2 protein chains.
Amino acid sequence: MIELKRSVRNLKPYFVNQVPYRVKMDANETKNYLLSQEPLLEKIEANIYPDSDATILRQKLAGYYGCKPNNIMVGNGSSDMINLVINGFCETDDSVLSFTPSFSMYENYCVMAGAKLVKLECNADFSVDITSLVDKAKEIKPKIVIICNPNNPTGYYIEKRDVIEAIEELKDSIIILDEAYIDFGGESCVDLINQYDNLIAMRTLSKAFGLAALRVGCMIANEAMINRIWAIKFPYNLNALSQYYGAMALDRAYEVAGFVEEIATQRERLSEKLKSLNFEVYPSKANFLFVKHNRQDLFELLSERGILIRKMPINSITYYRISVGSEKENKILIKELEEIL
Amino acid sequence: MIELKRSVRNLKPYFVNQVPYRVKMDANETKNYLLSQEPLLEKIEANIYPDSDATILRQKLAGYYGCKPNNIMVGNGSSDMINLVINGFCETDDSVLSFTPSFSMYENYCVMAGAKLVKLECNADFSVDITSLVDKAKEIKPKIVIICNPNNPTGYYIEKRDVIEAIEELKDSIIILDEAYIDFGGESCVDLINQYDNLIAMRTLSKAFGLAALRVGCMIANEAMINRIWAIKFPYNLNALSQYYGAMALDRAYEVAGFVEEIATQRERLSEKLKSLNFEVYPSKANFLFVKHNRQDLFELLSERGILIRKMPINSITYYRISVGSEKENKILIKELEEIL
């Protein structure tokens, strides 16, 4: 099994005493006197540090993801967990391999850890070749390979059999499989965590659950891996309010399937509309569309009209990433585009 | 001015578009459909990423701390900010200097950053000498000096003039002044941030504000320093609920003075009681007491009776750190101790 970086191997988790108590005088908390009239804050004991193990939330996540609570570590967004894995495993100057374009923060996490992100170009149509990923990994021997599936910002989806091929071939690297957008129509690989001890899947409540404000994300991996990373996890890394509301949302997780189906329907409609306005629309399994247009100023023009999309300059061409909105929002976008174009 | 570590100097902050909008299609949020009946979550727009700049919260913190919002960066507890500063400034094998015993997580942050924590022993009575700190720093030239004031776990308070002496003498190091407990009776050095460009003060709502569940902490420094660190801050590092409630608590910050006065009164009473039970009680300006007793098994015995205190083994003696509770809680503690002893 791949070890944490040398400097951190002897770290012990921060001691958090979790026995039942009558009087709690061990963590220098005081009483909640400023917001004692807020019903929610009474419910969660605002003055006490959050459950550092997020026991209830992890139980509910485990139910949704079909694994055990001990396969899960939660954090302040899944990006917090990606950062922890990169910093925990990479020695200075170790390589991390990922496709480009992909989530831009991977680079920041690598830089902060002193690691080097090696970026493998997607194909011209933003599809990716697992074979070239595997070949590149065999050449540079990265400590970590990051696969974002579906990919942000392109929406490109790698079939599960191809992800498995990559994991099979890359047993000398940690595989971070960033599945932030997988609920929108892709097939997750979370069920493979006990087959591959180097696989870490990242999931979030920020996308398909519609709760980005809470910053609830998690990593899912085999128990030995989670235990190992537990030693370097910072205590109390997810506040009590986000744990509380995250758990409440998971009680209604049966509504997620219907919601993502609606997003998929809207995505296809929006895609057709954009094509009819001469956009090149790349295939997407996420809740956004990655598009190109001859007009390079659409970000600015839409922004003036109160519509925020993302511009993504790649090799001196400006692409756009557009979140799939509600039917009404998508119609407003199309109407404004019709006026502009 | 002291520079960030080489590898991160070219990082740019993650782009967060903050213009007003009608339709938001730039960040792949969806709608809040799972918890749409929760009044609080409607208020904060649960489906939208939190304000990455925490504009409102920082304004209110600035009001309380007597500085500008641009002097403040908020994070997931002040410990998150301490970690960011250590990781941002320390090259591999750089030294960080602090007293020992002090907050145990300083060591973990250093280890994670590949830095080396050099620990200077407190005196036998857990007081500290600024002169020896300065001498040690001149010898080992640390990138960062961490001063926890009042110190956790000892409660020892360094007079402001002595802190100033240290800052004056240590201009080649970043000074992290961890003032998590300063509200309980010490004099803060936040007013000095514009005089010393190497000074970073850490504050929190977890102690005197009684809101540990929220994980709201901040660093306070001159604007150039905050701007520099902004480039390595992770986006959305504080969730929207904690920002909302933190701001609400700050609207009632005028109640803090009365509360900490009550804690100080309780602290002195508890101290007297413990002394009468043959505890050695070290002077404390925090909301806890650091104590020693011939009996080395008090943590276990109190724990069996539902009372949590912290045990702190130092050089094979078990010390205890006891949070100052309410009058009622303190009485329960004393009653149980009377039965045990």
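This is a predicted model: local features need pLDDT of at least 70, side-chain atom pairs count only at pLDDT 80 or more; totals for chains, interfaces and linings use all residues.
How many residue pairs are in polar contact between domain 1 of chain A and domain 2 of chain A? The count is three, with both residues at pLDDT 80 or more; a polar contact here is a pair of N or O atoms within 3.5 Å, where one must be able to donate a hydrogen and the other to accept it, and residues adjacent in sequence count only if both atoms are side-chain atoms.

Residues are numbered from 1 along each chain, chains are lettered from A, and side-chain values use heavy atoms, leaving out hydrogens and water.

As for the layout, domain 1 of chain A takes in 16-32 + 256-340 and domain 2 covers 55-251, with bounds from an automatic or database domain assignment. Their C-alpha centres sit 20 Å apart. Contact (heavy atoms within 4.5 Å) links 19 residues of domain 1 with 21 of domain 2.

The two domains bury about 1700 Å² between them, 66% of it from carbon and sulfur atoms; this is accessible area (1.4 Å probe) lost on putting the two parts together, summed over both. On the domain 1 side, Val256(A), Lys285(A) and Phe288(A) lose the most area to domain 2, together 32% of what that side buries.
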